[in-house]
Amino acid sequence: IATIIELDGARILMLADAWAEDIIKSLKKLQEKGHSMIFDAIKISHHGSYRNTSPELLELIDSPIYFISSNGKKHGHPNIETLIAIIDRPAEFSRTLFLNYSTTTSQEIKNYKTITGAEFSVIENTPDWIELTGNQ
């Protein structure tokens, strides 16, 4: 179940294990009604699987904060292609990837140099609370 949570001025897009095509269809309907596709935080679908996060979806949404939940053991998630697709887009803000574990992929992405010059940081082993104020 994917959802948008709005609370105290903060908007979070939680993508659960949803397929990108399904999310795109729903978000485009909201966008047509005037809703912004910039969120305070986005939880990436299916542990950062590239099969669940398409370039078309990432063209539609953005955020300064991304959450990826995976230890990388079962399927090797997150996929490096997903993380590159998130961070290697022009933006007027720096993006931060929060991962609840350190993985081979999270270690690899730390040293990545974006083609677009977009700024990003990677924070691993984040099991604690992250405060969102709606003013990211």
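Predicted model: local features only at pLDDT ≥ 70, side-chain atom pairs only at ≥ 80, totals over all residues.
Q: Why is Ser 106 called buried?
A: Ser 106 has a relative accessible area of 0%.

Q: What makes the pair Thr 103 and Ser 106 a polar contact?
A: The backbone nitrogen of Thr 103 lies 2.7 Å from a polar atom of the Ser 106 side chain. The cut-off is a pair of N or O atoms within 3.5 Å, and 2.7 Å meets that distance. Ser 106 itself belongs to helix α4, residues 104-110.

Q: Which residues does Ser 106 touch, not counting those up to four places away in sequence?
A: They are Leu 99, Tyr 101, Val 122 and Glu 124. To touch here is to have heavy atoms within 4.5 Å.

Q: How do you know that β2 and β3 pair?
A: Pairing asks for at least two bridges, and β2 (residues 10-14) and β3 (residues 41-43) share three, in the parallel sense. Look at Ile 12, for instance: its bridge partner in β3 is Ala 41.

Q: Why do β1 and β6 stand at the edges of the sheet?
A: The open sheet runs β1-β2-β3-β4-β5-β6, with mixed pairing. β1 (3-7) and β6 (120-123) each have a single partner strand, so one side of each has no neighbour in the sheet. On average, neighbouring strands of this sheet are turned by 20° against each other, direction ignored.

Q: Where does helix α3 lie?
A: Helix α3 (residues 80-87) lies across β4 (65-68), β5 (95-99) and β6, at about 150° to β5.

Conventions. Residues numbered from 1 in each chain as written. Heavy atoms only, no water. Helix = DSSP H or I, 4+ residues; strand = E, 2+ residues; numbered from the N terminus. Axes fitted to C-alpha atoms, helices over the stretch in contact; angles between N-to-C directions. Buried < 20%, exposed > 50% of the residue type's maximum accessible area, 1.4 Å probe, protein only. Polar contact = N/O pair within 3.5 Å; in protein donor to acceptor, adjacent residues only side chain to side chain.
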